[in-house]
Structures are given as structure tokens and as C-alpha cells.
Amino acid sequence: MNGLIPQATSSLERLAIQSRLARGAVALYYKGLVAAEAALARVQPEDNVLCIGGGPLPLTAILLHKRTGASVTVIDNDNQSVALGKGLLESLGYGAQIRFLPGDGRAFPLDEFTVIHVAAQVQPMDAVVQNVKAHSARGTRILVRLPKQQLAALYGRFEPLALSGFVDQVRHRWRNTGRTLLLVGSGESLP
Ligand SMILES: C[S@@+](CC[C@H](N)C(=O)[O-])C[C@H]1O[C@@H](n2cnc3c(N)ncnc32)[C@H](O)[C@@H]1O
């Protein structure tokens, strides 16, 4: 994994899954973020959500599900994160509502999802967003979480080419995360 912040986030999450108190502290960070993103994409209980980059502590997936009632699938391209994240979901009783699968955002089947969330630490961001825009069903709401401009270098290589054409955004204050963009899937993979 490239980038100082993605590495640090994974290490922090590995530590945090061991303690309920630590998980609660990290959840405080994500709560407002996820609430703003759920509102931006108008996520409803009928939606089928994919979270790309769940990590060992898949709080975006958990909070999105808790807030909206939508069913959620999480993927991660790191096998250890999949094992830890899946184990945590099961131990917290979310095993039936939130699936955690191995997968890479550059090549995961996307047709069934109505909302796709891309974590800020996902790499390479440009390739993942291009894939999601092109191969999700037409009209899919795509949320792309981005670091603050001054921290972007610490997240690794980042080319914002695929991010042009976003339809709306929400800015976040007091966090590493600068804003979340809302893009819409073009449905190019459909016949
Ligand atoms: C540490 S997590 C942070 C996300 C946070 N736990 C959340 O709930 O939003 C970011 C994860 O993204 C995964 N990742 C990075 N690039 C990816 C890609 N191209 N496809 C799938 N997962 C990816 C990393 O393996 C890492 O576990």
C-alpha cells in the first residue's frame, strides 16, 4: 500500500478493532462524515450499496447501513483486511446485512449496485473512479471521498482526471477528509 496516511489508517484500524472504546472513538470521526455523504447521495433503505476499501474496521459500511437501512457490500484488495473486517462484522452481529468480500475497485462487477462509495485511501484512485464511472449501471450514485488538498501527497499518487464532471459535493470541516464528490455512473457496460 502506497502513501503514509493509507498505511497509518490501516495500522490504526488493526489496533482499534481490539477495543470497543477505541472503535467508538474512531466511529465519532466517521459519524458526521457518513451522515453528510448519505444525505448527498440520498441513500434509501431500498438502495444496494458497495463500499470500496473497507479496511479492518469498516465503519463507513456499518454507519451507512445503520443510518439508512440499505444493504451494504464491502470489498478490499488486502486479504488480511478482508479477514479482520469480516470477522468484526460477524462479531458485531452485522454478518447478515453487510457482506465483506475480497475484491479490487478496478475490476469488481458493479451492475447490481445503486450507490458506490470510494474510500479516501483507495489506490490508484484515478483508475478506480474511472472504472466505477464507466462500469456501474446508468444513474448509479458514486461517492468519492477525497483528502484535503494539502494532505493529498500523503495519500500516495493521485490524478484527479476521472473526477471531472461531478454533479454535487459536500465539504467536511476539521478532518483529514476535505470533501466528498457525487458522480453519476454512465452505464457504458450495459448493452
Ligand atoms: C484502511 S481502509 C479505510 C476505510 C475505512 N475503514 C472506512 O470504513 O471508510 C482503506 C482500505 O482500502 C483498501 N484498498 C486500497 N486500494 C483498494 C482498491 N483498489 N480496491 C479495493 N480496496 C482497496 C486498503 O487495502 C485498505 O484496507
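This is a predicted model: local features need pLDDT of at least 70, side-chain atom pairs count only at pLDDT 80 or more; totals for chains, interfaces and linings use all residues.
User: Which residues come nearest to the ligand?
Analyst: Gly 53, Gly 55, Thr 60, Asp 78 and Gly 105 come nearest, out of 25 residues around the ligand. A residue is near a molecule if its C-beta atom, placed from the backbone, lies within 6 Å of it.

User: Which element gives the most to that shell?
Analyst: α1 does, with 3 residues. The elements that give two or more are α1 (4-16), α3 (59-68) and β2 (71-76). Helices (H or I, at least four residues) and strands (E, at least two) are DSSP runs, numbered from the N terminus.

User: Turning to α2, how far apart are its end C-alpha atoms?
Analyst: They are 29 Å apart, which agrees with the 30 Å that the 21 residues of α2 (residues 20-40) should span at 1.5 Å a residue. The expected span is 1.5 Å times one less than the number of residues.

User: Where is the kink in α2 centred?
Analyst: The kink, of about 35°, is centred on Tyr 30. The bend at a residue is the angle between axes fitted to the seven residues ending there and the seven starting there.

User: Which residues of α2 are buried?
Analyst: Val 34, Glu 37 and Ala 38 are buried. Buried denotes 20 or more other C-beta atoms within 10 Å of the residue's own, exposed 12 or fewer, and partly exposed in between, with C-beta atoms placed from the backbone.

User: Is Arg 42 buried or exposed?
Analyst: Arg 42 counts as exposed because it has 11 C-beta neighbours inside 10 Å. Arg 42 lies in the loop between α2 and β1 (48-52), and its phi is positive, about 45°, although it is not a glycine.

User: Which peptide bond is cis?
Analyst: The bond from Gln 123 to Pro 124 is cis, with omega near -15°. Pro 124 sits in the loop between β4 and α5 (125-135).

User: Which members of the largest nonpolar core touch the most others?
Analyst: Val 49, Ile 52, Leu 64, Ile 116 and Val 118 do, in a core of 45 residues. To this core α3 gives the most, with 5 residues. A nonpolar core is a set of buried Ala, Val, Leu, Ile, Met, Phe, Trp, Tyr and Cys residues joined through C-beta atoms within 7 Å.

Technical notes:
Residues are numbered from 1 along each chain as its sequence is written.
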